[in-house]
Amino acid sequence: MLRFFPALLLLAPLASAHRPEPAQDELTIAKPKVSHVVGGNFETGDEVFRVLLDYDRPFAMPMEIMVPRDKELENHRPVFAIVGPGLPEPTNEQRLFLPLEVADGHGVFIEYNDRDREVYFERVMRRTMLTSGSLAVHLPSEGLYEVWIFSPDFTVGEFWYGFGVEEDFSGGGWGPIFAEWGLFGW
Amino acid sequence: MISTLMCASLLAADAQALEADHFSLGLPAEADVVGLAFGVHPELLWRPFDPAGRFHVRAATGAMVGPELALVPVSLGFRQMLRPEKTFRPGFGAGLQFQAFLPYGHAMVPRLDQYYEFYFDVATSDSLRVTAALSPEFGWVGGFGLGMAARLGVQMDFPLRD
């Protein structure tokens, strides 16, 4: 039986899951169609985590933002905004809401994360999360899109931002789970 | 694996194999470190061929509670001891484990896992052992998933002796 153990480990990357990535001030995703979960932690509440996605053609990309289901995080509702070509020009109200300036010629889509949130059970790592719900966001042009993840009420705590449609764990895709156990494991 | 267990049961289907000295009861506390949870995971061990033998059929169930979920595993597998006659006994095992995940605020999520087990125990008397095990789990049916359980407990070999 034990001789099959390495084979099972090799099969694991074929299974349905999101590739984990720790959030950074600026994180470039090399393969933006691949399913990723970007995990981060608002320590002061005024951070802005930027995720850069470069598409070679228009795309409808499912996205959602989650926080652990925890009484202390009941009011933690981080938001993401997608900024890039072909999206609607931001209103004045949206410009005031956003933490960064939208460049000329770029538009914005904002997930305000202000609806009732569903409980989502993430089976791979057995985490119970509150999710904004998956949205297929139409990115109407090829080119570079930025996702800004921020906490409009300056609440602190963890978040996961999930997106993508394909599976690919090549090049050490599972590594961040173990390197950042506190974010993705427990 | 199920065929192996069925063969073991058929081969051992005589009255002797069901005598008390073919059985042990394990009472381990368990910590699940993927999806944090703690609880107990009692196990019944059966040595169908030889009361002092290496091969054990293992049946176990338990209940674990954590900050984000509770879970109830039901396991059936085998455990092979490498030095059954010694005070310190390493062993390994594998089997299938049905997991009923109970995430708080969510409906029950079932999953069938394969589990593996790296085990050792130390005899403290003729019928009592202190046990420890590390058990990786891989969910395949009902969605891919990972698991890792660490267990520490005692095992009583029947019939109980001083």
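**Close-up views of a predicted two-chain model**

**View 1. Polar contacts between chain A and chain B.** In this predicted model, nine residue pairs, both members at pLDDT 80 or more, are in polar contact between chain A and chain B; a polar contact is a pair of N or O atoms within 3.5 Å, where within protein one atom must be able to donate a hydrogen and the other to accept it, and residues adjacent in sequence count only if both atoms are side-chain atoms. On the side of chain A that touches chain B, the elements that give two or more residues are helix 1 (5–11), strand 8 (118–122) and strand 9 (127–131) of chain A, with helices (H or I, at least four residues) and strands (E, at least two) taken as DSSP runs numbered from the N terminus. Helix 1 of chain A provides the largest share of that side, four residues.

View 2. Chain A brings 23 residues and chain B 36 residues to the contact, which means heavy atoms within 4.5 Å. About 2600 Å² is buried between chain A and chain B, with carbon and sulfur atoms giving 69% of this area; buried area is the accessible area (1.4 Å probe) that two parts lose on being put together, summed over both. Three salt bridges are found across the interface of chain A and chain B, a salt bridge being a side-chain nitrogen of Lys or Arg within 4 Å of a carboxyl oxygen of Asp or Glu. A:R127 and B:E68 meet through their side chains in a salt bridge, at 3.0 Å from N to O.

**View 3. Two salt bridges within chain A.** A:R115 and A:E111 form a salt bridge whose closest N and O atoms are 3.0 Å apart; A:R115 is partly exposed at 41% relative accessibility, whereas A:E111 is buried at 1% (buried, under 20% relative accessible area; exposed, over 50%; partly exposed, in between; 1.4 Å probe, protein chains only). A:E74 and A:K71 also form a salt bridge, with 3.3 Å between the closest N and O atoms.

View 4. The side chains of B:R79 and B:E43 meet in a salt bridge at 3.0 Å, N to O, and link strand 6 (residues 69–81) to strand 3 (residues 43–46) of chain B, the two residues being 36 residues apart. Both B:R79 and B:E43 are buried. Through salt bridges that share partners, B:E30, B:E43, B:R58, B:R79, B:E117 and B:R151 are joined into one network.

**Conventions.** Residues are numbered from 1 along each chain as its sequence is written, and chains are lettered from A and ligands numbered from 1 in the order in which they are written. Local features need pLDDT of at least 70, side-chain atom pairs count only at pLDDT 80 or more, and totals for chains, interfaces and linings use all residues, while side-chain values use heavy atoms, with hydrogens and water left out.
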